[in-house]
Amino acid sequence: MSFIMELVISALLILGGIFVLVGSIGLLRLQDLYVRLHAPTKATTLGLGGVLIGSMLYVFASQGTISINELLITLFLVITAPVTAHILAKVAMHHRVKLLERTKNQALIERARMQQAPNASAEDIKD
Amino acid sequence: MSTLSSRLFPMPFHSALLLVVWLMLNNTLSLGHIILGCVLGFLIPLLCEPLRVKQATIKKPLKAVSYVFVVLKDIIVANIEVALLVVGPMHKIQPGFIAVPLDLTGTLPITVLASTVTMTPGTVSADISTDQKWLYIHVLNMPKDEQEVIDLIKQRYEARVKEIFGC
């Protein structure tokens with residue numbers, strides 16, 4: 001394996017690692033569930049993407065074959081991450097999870113909980 | 001003839017997809033796996049056909065490919081934006097909820113849009129109204145003008161999804 005290849009692979013691994021780390025720091029630092037959702041759904045996709053591309057390059061450079069499994073992992077990740085986030089947000093709204101006081105448009109949560117249009121009349125919101 | 005082949009292969013696209021994914025999973029092009037993949041691609045659609053809900057089909061595959069690249073680019077931008085916000089001061093973050101009116105119809109196009117919204121800068125889709133006309137999203141850092149976010153989603157993503165599915 002050439003030096004440049006090793007350099008590129010290392011750079012991808014480190015970059016990916018940094019993004020995953022930032023996602024985890026986000027989980028720790030952000031203050032309510034909704035805001036926390038943003039960190040893992042986004043930061044980890046790019047982080048894992050970097051690691052997986054690094055892995056593909058490594059297999060290609062060391063064995064000369066192209067490994068496709070990594071592409072599949074990326075694909076499944078991109079399909080499943082938004083669904084998980086959506087369901088988590090939905091459940092959070094149903095449990096009326098506490099949120100940051102400065103959150104704008106908090107009234108919308110009641111509408112979203114009942115899956116109504118935002119301009120639905122007040123009587124409709126009974127459960 | 002056409003009825004027979006459509007009965008044997010009720011979902012030709014899915015059959016091909018199953019074969020390709022099977023080969024990718026096993027990372028091989030050997031004859032045995034190709035045969036096994038063909039059998040799976042033949043049997044699974046036959047079993048699943050009765051369970052299927054009719055979905056919108058992709059009308060413009062080329063647009064779909066360019067859409068994937070637009071979203072990929074936005075995912076990278078989103079990552080960097082969120083990373084900067086996360087390591088920055090917490091009191092600067094101004095979260096909020098927004099209801100986006102939808103022009104799309106059909107569950108598949110709306111699912112694609114909602115997933116895209118989640119993967120792209122600063123927004124997570126949270127719920128959909130039962131009449132499928134409103135998408136509720138949570139915004140990580142709300143700009144002064146909420147309409148900005150709505151316009152961005154409608155012009156950048158919804159218009160493209162609409163074109164792809166032709167609905």
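**Ground rules.** This is a predicted model, where local features need pLDDT of at least 70, side-chain atom pairs count only at pLDDT 80 or more, and totals for chains, interfaces and linings use all residues. Residues are numbered from 1 along each chain as its sequence is written, with chains lettered from A and ligands numbered from 1 in the order in which they are written.

**Confidence.** I checked pLDDT, the predictor's confidence in each residue from 0 to 100. Chain A has a mean of 81, with 94% of its residues at 70 or more. Among the elements of chain A, H1(A) has the highest mean (89) and H4(A) the lowest (74). Helices here are DSSP runs of H or I with at least four residues, strands are E runs of at least two, and both are numbered from the N terminus.

**Where A meets B.** I found 42 residues of chain A in contact with 39 residues of chain B; contact means C-beta atoms, placed from the backbone, within 7 Å. On the chain A side, H1 (3-29), H2 (33-63), H3 (69-94) and H4 (107-113) each supply at least two residues. That side divides into 24 nonpolar, 13 polar and five charged residues. Nonpolar covers Ala, Val, Leu, Ile, Met, Phe, Trp, Tyr, Cys and Pro; charged covers Asp, Glu, Lys and Arg; the others, Gly among them, are polar.

**Core.** The largest nonpolar core has 50 residues, and those with the most contacts inside it include A:Ala89, B:Leu135 and B:Ile137. A core is a set of buried Ala, Val, Leu, Ile, Met, Phe, Trp, Tyr and Cys residues joined through C-beta atoms within 7 Å.

**B:Ile137.** This residue sits in strand S3 (residues 134-139) of chain B. Why does B:Ile137 count as buried? Because 24 other C-beta atoms lie within 10 Å of B:Ile137, and the cut-offs are 20 or more for buried, 12 or fewer for exposed, and partly exposed in between. Leaving out residues up to four places away in sequence, B:Ile137 touches B:Ile98, B:Val100 and B:Val117, among others.

**B:Gln132.** I noted a positive phi of about 60° at B:Gln132, although it is not a glycine. B:Gln132 lies in the loop between S2 (123-128) and S3 of chain B. B:Gln132 is partly exposed, with 14 other C-beta atoms within 10 Å.

How values were computed:
Contact = placed C-beta atoms within 7 Å.
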